[in-house]
Each structure stands twice: as structure tokens, then as C-alpha cells.
Amino acid sequence: MARHRNVRGYNYDEDFEDDDLYGQSVEDDYCISPSTAAQFIYSRRDKPSVVEPVEEYDYEDLKESSNSLLNHQLSGIDQGKSIDSQSSRSESEIVPKVAKMTVSGKKQTMGFEVPGVTAEENGHIFHTPQKGHSSEDTGLVSSDVLETASKSALPSHTIQASEEQSSTPTPVKKSSKLRQQIDIKAELEKRQGGKQLLNLVVIGHVDAGKSTLMGHLLYLLGNVNKRTMHKYEQESKKAGKSSFAYAWVLDETGEERERGVTMDVGMTKFETKTKVIILMDAPGHKDFIPNMITGAAQADVAVLVVDASRGEFEAGFETGGQTREHGLLVRSLGVTQLAVAVNKMDQVNWQQERFQEITGKLGHFLKQAGFKESDVAFIPTSGLSGENLITRSQSSELTKWYKGLCLLEQIDSFKPPRRSVDKPFRLCVSDVFKDQGSGFCVTGKIEAGYIQTGDRLLAMPPNETCTAKGITLHDEPVDWAAAGDHVSLTLVGMDVIKINVGCIFCGPKEPIKVCTRFRARILIFNIEIPITKGFPVLLHYQTISEPAVVKRLISVLNKSTGEVTKKKPKLLTKGQNALVELQTQRPVALELYKDFKELGRFMLRYSGSTIAAGVVTEIKG
């Protein structure tokens with residue numbers, strides 16, 4: 001019998017401590033009925049070894065006899081006090097039996113719920129909990145029973161007075177008041193100790209060292225502990241990629257590490273002196289540009305990483321390289337501030353001539369792309385050795401000619417954009433997944449407005465409503481979130497099948513427009529094939545890519561003034577600014593550029609290259 005459980009000496013009470021939900025459905029609102037608990041759950045520890053059932057079950061009779069004796073001896077108020085003390089004493093005998101039935105801390109229901117009525121079962125008094133009470137009151141009912149016992153002894157006017165004093169609003173009412181009164185701008189200023197939020201995307205040609213640069217930055221800031229970093233170093237050596245150790249901080253999937261290429265946007269958070277930075281590490285390979293567009297569409301500022309070594313910068317910058325395309329993409333998606341990290345400067349011995357050559361070529365191109373010179377900063381760095389990342393370099397080769405900021409100081413000096421907090425709520429879904437428990441989760445960036453737990457939401461294009469049960473920001477549950485935040489929402493009241501990446505959540509009173517045909521003003525990049533009527537394109541908008549067709553060429557516009565220079569053109573060639581009508585295969589949720597700048601921008605791609613950027617001017621239906 002040694003391997004069998006010792007049933008006789010087993011302490012069953014340990015099984016019912018804390019909020020252990022093992023073996024129960026999470027979605028049940030009850031665990032065990034009070035009557036069943038009283039009958040079957042036996043506590044050896046709390047009961048004496050010999051219990052006389054007569055005393056236990058004749059509790060009511062005893063109380064009545066003692067009451068009748070007291071009635072002769074005491075006056076009104078004294079009588080109330082004595083009954084109060086008696087009932088508390090008698091309750092202390094009952095409570096242990098009742099308390100044991102609270103297996104989980106959840107509210108227990110028993111038959112029909114009649115608020116404030118006590119049910120007598122097996123001679124014990126149980127109180128059916130009222131809706132306003134917290135879960136603690138449902139487990140330990142002594143306070144409820146005391147209240148009813150003392151009220152029965154006191155005169156009616158005394159009860160009314162005490163009820164008026166103790167009447168407090170229930171938590172449900174309090175939260176609804178909070179929802180109306182929340183001053184979101186004041187709350188935003190208080191959050192994070194007054195630090196401002198900034199979404200930063202890291203872009204650049206493949207193998208420019210983006211992941212290594214940012215991974216080393218995070219390690220130097222203390223966001224990655226030494227033990228984890230040592231593990232990455234050992235594993236990367238085994239894989240024959242010892243120089244990839246810092247890149248593994250952001251490239252977490254096995255395939256990314258095996259190939260040595262970032263494939264999806266890696267997201268993490270770090271803090272500077274005045275800002276909270278959400279870092280998005282975008283892929284540089286041209287096969288994964290759709291993922292890069294998703295990351296860039298959610299960014300406020302960007303770091304463009306270029307490789308300083310001979311031949312590598314030229315390969316990334318000339319035709320077919322990603323440096324140009326990434327620069328154009330982020331500018332078209334609304335990024336106006338840019339830091340250019342000239343990486344791998346240690347490979348050219350920190351030469352000033354090489355740095356100036358790169359800044360000359362890139363500076364000219366970025367000015368053409370639409371960046372102001374004052375909003376672009378060039379910083380010499382080394383991602384592998386960590387030079388000039390979080391502190392100004394001490395290397396004499398660099399300090400003799402470079403006196404500017406280090407990369408972290410430059411990121412800290414970026415000006416955060418104005419958030420559209422006062423506009424209607426808009427959230428673009430970037431991921432959907434099923435979570436533990438009821439409901440499912442969606443992640444995405446809030447583009448406008450704010451949300452609180454318990455808000456009703458409308459998902460477009462599916463046109464389905466649901467409720468936000470919970471909000472998670474930076475892996476921490478919060479009561480509210482506002483424009484600019486990357487959040488995870490737990491939603492209930494909707495089928496997960498109906499939600500796809502690219503859906504937009506909005507308030508039911510002010511829904512986003514859904515259409516398949518819309519007019520847009522587009523700027524055409526370097527294209528080999530001219531755009532004609534019926535030209536097939538891939539529309540990249542926020543987190544979606546949707547096949548579309550150029551339905552009509554309406555007019556060619558002047559680049560600077562926006563005046564019509566030619567109506568109904570036969571074709572559009574590179575560098576032109578035009579008004580066109582696009583038609584998508586499936587409905588998409590769009591906003592006009594003049595109403596929501598963040599939700600009015602899109603990109604057009606064709607056969608693996610970006611051919612145009614545009615803004616929505618009119619929604620046709």
C-alpha cells in the first residue's frame with residue numbers, strides 16, 4: 001500500500017486553499033453549493049473530535065430561548081446590543097463551516113438569487129449575496145448575517161438612519177462615472193512619470209547591421225541581462241555565427257536566426273531620459289518589404305542604418321538596393337524625423353572622408369525624398385563594438401573630427417508628434433490570437449482617440465460589435481489607453497473567425513467608412529512600366545495588403561501647387577503626381593487624409609517593388 005495515497009491522514013483542507021482552479025472549468029461562475037459543502041466537506045482541524053448534533057441543529061431554539069430571557073431583563077437599546085454580541089459569538093461558530101466552501105474566490109449562486117434573503121439549510125444560516133457585494137463578502141458571510149441579526153433587534157427608524165449613512169455606490173456605477181469623467185490629456189501627462197511616448201522604426205538595406213546595432217543598444221541600456229546575452233553568445237558560436245549574438249536579442253524565431261535575416265517586425269520597449277521608446281526592428285530584405293511597411297506605418301520617427309564599408313553602402317544605395325526604397329517608404333508613410341546611423345565605421349577605421357562621402361550622397365537623396373535638412377542627423381556608429389551608441393565615443397580616431405551626439409541622445413532629442421486623442425477611436429489590428437479563458441485578443445496601434453475597459457467596439461469591415469474586457473499595454477494590464485499606444489485588447493461577444501489582420505476597431509457611434517472604390521492622389525516613384533487604366537497593383541494600407549486595380553486615370557497634377565495640368569491622361573510615368581480611382585477586390589476600411597492623416601495614407605506595389613505612394617481624397621463606395 002506504500003504507493004497508494006494515505007487517505008485517512010490526508011488533510012483535504014489544503015486542496016481548497018487559495019484560488020486553485022485545478023479541475024474546474026474557468027468559465028463556471030460557481031464551484032459548489034453551500035448545502036453540498038455543509039453536508040460533505042468535513043474539516044477535522046476546525047471541528048472538535050466529538051460533536052453532539054443536537055447542539056448544532058437546535059441552534060435556532062437556543063437563540064429563541066435566550067432572546068425571551070433577555071426581553072424580560074433589558075431595555076430596547078441594551079437588548080439590541082446584547083443580541084448583536086450574541087449573534088457575533090454564534091456566528092464565529094458557524095463561519096469556519098461556511099468559509100471552507102469557497103473553493104475559488106468566485107461568487108457562488110444557489111438556486112434563484114433573491115437579494116438580501118437568508119436561506120435556512122440544515123439549521124445553518126446562509127446569506128444569498130447581493131449583486132453589489134464583492135467576492136470577499138460571498139465567501140465570508142458573517143458581516144451579512146450580523147447585519148440582519150442586529151437590524152431585526154433595532155427600531156425601524158434607527159435602521160433607516162444607519163442605511164443612509166452606509167449607502168455607498170457599487171463598483172459598477174463608479175466605473176461608469178469614471179468613463180465619462182476621464183481627462184485623457186491630463187492622464188497621459190501623468191503616465192510614465194511625465195515621459196512622452198515615441199514609436200521608432202529601424203530601417204535599412206539587408207545586412208546593414210540593424211538588429212545587431214539595436215540589440216547592442218538594448219544590452220548596454222540593461223534591457224537584456226548578462227546571463228541571457230552570454231547564452232546568445234554561446235549559441236551563436238555553436239551555429240557558426242558568433243557576430244550575430246546581439247542580433248538574436250531582436251531576431252527571436254529559429255528561422256530568422258538560422259538564416260541570419262530579420263523577417264518580421266520585432267517589437268520591444270526601452271526608456272531614455274525624457275521618452276518611452278517603442279522600438280520596431282524592420283526587415284531589410286526586399287522579400288519582406290510588406291512587413292517593413294507594416295512597421296513603418298506604425299512609426300513616428302525612424303533610424304536609417306547604412307553600412308559604411310566599401311562596396312556595401314553602394315550596393316544598398318544604388319538601383320535595386322533597399323536604402324533608397326526604405327527612405328522613400330517611411331517619408332511617404334508620414335515619418336518626418338530621421339537619424340541616419342552610419343554603421344560599421346570601425347571597418348573603415350573611423351575615416352572622416354568616408355563618413356562625409358556617405359552623408360553627401362544620402363543627404364542629397366533624402367532632401368529629394370522630402371525630408372528637411374534640420375530633421376535629418378548623421379551619426380557614426382559601430383553596432384558590434386558598441387561605439388557611440390549610448391555614450392559619446394572615447395575613441396581618439398573618432399573624437400578628433402566628430403563632436404556630435406551619440407545615437408541614444410539623438411533618439412532622445414526627437415520631437416514626439418501630436419496625438420489625435422480627441423478624435424473618434426481607431427485601432428488597426430496587426431495580430432489576432434486566442435487567449436486563455438473566454439474571448440480572444442487583438443494587438444495593434446491606437447491611431448486616434450482612446451479606449452477604456454468595458455467600452456463597446458465596432459469592427460469594420462465585418463461590421464460586428466464586441467466589448468473590450470481587458471487592455472494590456474507593455475505586458476501590463478491597464479484601465480485605459482490612448483492614441484500612439486501599442487495595445488493588446490481582450491474582446492468578448494464576437495466570433496474570432498470574423499476578425500482578420502487589417503480590421504479596424506472604432507466606436508459604434510462614429511464608425512469608419514468601408515468601401516471598395518475610392519479616389520486618391522498618388523506620387524509615382526521610379527517605374528519601368530507606365531501605369532494605365534486597369535493596371536493591377538497591391539494596395540498596402542496600415543497592416544493589410546489587398547489586391548486592387550487602377551480603375552480610372554482622372555488627371556495629372558502639378559507637384560507643387562496641386563493644380564490640374566492634364567485631364568484624363570492615357571498613362572502615368574515616373575515622377576508624376578496624379579489623381580486616380582482605385583478599386584479593391586474586398587471591402588477595406590479607410591479614412592480621408594484630411595480627417596485622419598494616419599489612416600489616409602497607403603502604398604502601391606507591383607511585382608516586388610513600390611511604384612507609388614498616395615493619400616485618400618474621396619470615398620466612392
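Me: What does contact mean here, and how are helices and strands assigned?

Reply: Contact means heavy atoms within 4.5 Å. Helices (H or I, at least four residues) and strands (E, at least two) are DSSP runs, numbered from the N terminus. This is a predicted model, in which local features need pLDDT of at least 70 and side-chain atom pairs count only at pLDDT 80 or more, while totals for chains, interfaces and linings use all residues. Residues are numbered from 1 along each chain as its sequence is written, and side-chain values use heavy atoms, with hydrogens and water left out.

Me: How many residues of helix α10 are buried?

Reply: Buried means under 20% relative accessible area, exposed over 50%, and partly exposed in between (1.4 Å probe, protein chains only). In α10, residues 210-220, nine of the 11 residues are buried. Among them are K210, M214 and L218.

Me: What do the buried residues of α10 pack against?

Reply: Their partners are the strands β3 (196-204), β4 (266-271), β5 (275-281), β6 (301-307) and β7 (337-343), together with α18 (407-412). After the helix comes G222, with a positive phi near 90°.

Me: Which side chain makes a polar contact with the side chain of H486?

Reply: A polar contact is a pair of N or O atoms within 3.5 Å; within protein, one must be able to donate a hydrogen and the other to accept it, and residues adjacent in sequence count only if both atoms are side-chain atoms. For H486, the partner is N199, at 3.2 Å. H486 lies in strand β16 (residues 486-492).

Me: Is H486 buried or exposed?

Reply: H486 counts as buried because its relative accessibility is 10%.
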